[in-house]
Amino acid sequence: MTAPALTVGDGVLLRDGAEYRLLSGSIHYFRVHPAQWEDRLRRLAAMGANTVDTYVPWNFHERREGEFAFDGWHDLAGFIRLAGNVGLDVLLRPSPYICAEWNNGGLPSWLTARTRSLRSSDPSFLAAVDAWYDELIPRIAPLQASQGGPIVAVQVENEYGSFGSDRAYLEHLATGLRERGIVELLTTADGTRADMLNSGSVLESATPTFTFGTGAALADALRPAGAPLICGELWGGWFDHWGEKHHVRSAESMMGTVTELLELGGSVSLYMAHGGTNFGLWAGANWDGVLQPTVTSYDSDAPIGEDGTINDKFHALRAAFAPFHATELPSIPEAPVFQRPQAVPLTPVASLYDVVLAYATDGDLRTPMPQTFEELGQPDGVVAYRTVADLPGDVELSIDGLHDRAVIYVDGERVALLERDRAVSTMLAGPARRVELVIVVEALGRINYGYRLGEHKGITGVRLERRLVHGWSHTLLPESAWNAPEAPGADGVAVAEVQVTEVADAWIALPGGGAGWVWVNGFLLGRYDRIGPQVTLYAPAPLWREGANAVRVVDFISLPAQLEVRDAPDFGEVEEFIGY
């Protein structure tokens, strides 16, 4: 077995026998357009980092069981090689669970559909993990530093000490990595509490690291005898949920923690160095008594902004990291350029109800009770539930297990918008009659952290007062469903044509819109929501072309009348927030 690049000495990290500092920053290849990978990596190197840290989201590569994607945007090996070409090492975090504010914490919905025993030694869970690792690890093992590649460390699990206590599971993961050819330094990552460290570490196999915003001294006191001080995630900023303020952290505050850690002899990985974007429907959600969906932007107030711009944090880190390099740092890449601002009208082309009718068929699955997304094999997005119901007159309709937003139609007329944690029932007025009932349900991001991980989406039942409504047909609406023009309505689909003379980055705003999704030239940027804080969505240059560009919007509440192309982001009202 070839020797690993990094080893542990007496309380220090070693490389080639000499004390070494890992100066890393997180960039997630799955949150950055592949055409911009090199630019972002070069900015990270110019910031003074010697390593890039990235998770590997399982559900991004195996969205449906047995169907693996490792090309194009999914080219993990290509990203790793590119990092090496730029002069960066790689700290790879391929654990089955990543959190990362990513949909379902990176776990595939087809797996969480069939087992509740997540992140455990349950045989069904481990069998799926092993099948995934049999596909993944042979692709990355040749890219280890011991074989001439840039990977110098591999994470076993992610903040497991905050979740569970199944040591056999952790040992299975560590053993599985070694048996599949990983020889580099293995790590774990946990918070700065003794119980988290005890439950999340496998000291015989992996070096523990800590995640914190201000806990350098706590981590130093907690680290086991002989272990180096490593911050696996130093939170220099924070993410946002819809309905909150935009979280920022000052450069002074961040650098106070970075400086303290470096003075203690520690290594660091800044989370995030460049946050990127939760493109498509990949944004996750948290739970704190109510569902807290994460916004589309993952800017995270990082030193390298979502659009590649750099800020005072970048320059402060560059100055702090420079003394740890034997040579001068790379020059800073040119600043990004942006399209000229313009406003373009949106033309409604289809109501939400008409889109459902266009995709509904007699072959749609019919069951006595409504099925969840998981039972239907729908990873995310929208499912329309259809039935015929007898109304006795004025009656209350209630939805059981609503996850997460539902638009109700009675005989084609929109009558209510229901949302979990808010109103989940509505009065249906009128005489006794038989009606067509259509319930369009949108999933708003799967929980990515905590004991509710793996929660299902959709609905589990519909009642007219006490009486259950039976006999449901299910129409699964793919992303392509929103391309079929029908009759326009207040909700639904609208389109615009944006003329571009010079291809460049842009920010898109949809003033007056309710809540929905937006595409540029067929690529789904992500969600927008009138509750904020995020106002603009990042539309990177590789998505645009000279001349006419097609923008399409689906709104589940109220369509905007126009879209605005802007040359700067608007993340909403800010508040200082420090993760501890």
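At what angle do the axes of helix α1 (residues 37–46) and helix α3 (residues 76–86) cross? The two axes come within 10 Å and cross at roughly 40°, which makes α1 oblique to α3. Here the axes are lines fitted to C-alpha atoms, over the stretch in contact for helices, with angles running from 0 to 180 degrees between N-to-C directions. Angles under 35 degrees count as roughly parallel, over 145 as roughly antiparallel, 65 to 115 as roughly perpendicular and the rest as oblique. Helices (H or I, at least four residues) and strands (E, at least two) are DSSP runs numbered from the N terminus.

This is a predicted model, in which local features need pLDDT of at least 70 and side-chain atom pairs count only at pLDDT 80 or more, while totals for chains, interfaces and linings use all residues. Residues are numbered from 1 along each chain as its sequence is written, and side-chain values use heavy atoms, leaving out hydrogens and water.

Where α1 and α3 meet, W37, E38, L41, R42 and A45 of α1 are in contact (heavy atoms within 4.5 Å) with G78, F79, L82, A83 and V86 of α3. W37 and F79 also belong to a cluster linked by ring pairs, together with Y29, F30, F60, W102 and W282.

Aromatic pairs are found elsewhere too, and a search of the whole structure gives 31 of them. Rings of Phe, Tyr and Trp (its six-membered ring) pair if their centres lie within 6.5 Å; planes under 30 degrees apart count as stacked, over 60 as edge-to-face and the rest as tilted.

F571 sits in the loop between β33 (562–566) and β34 (574–576), 64 residues from W507. W507 is buried, with a relative accessible area of 0%, and F571 is buried at 13%. Buried means under 20% relative accessible area, exposed over 50% and partly exposed in between (1.4 Å probe, protein chains only).

Another buried residue is S473, with a relative accessible area of 10%. S473 lies in strand β26 (residues 472–477) and touches L365, R366, A384, Y385 and R386, not counting residues up to four places away in sequence.
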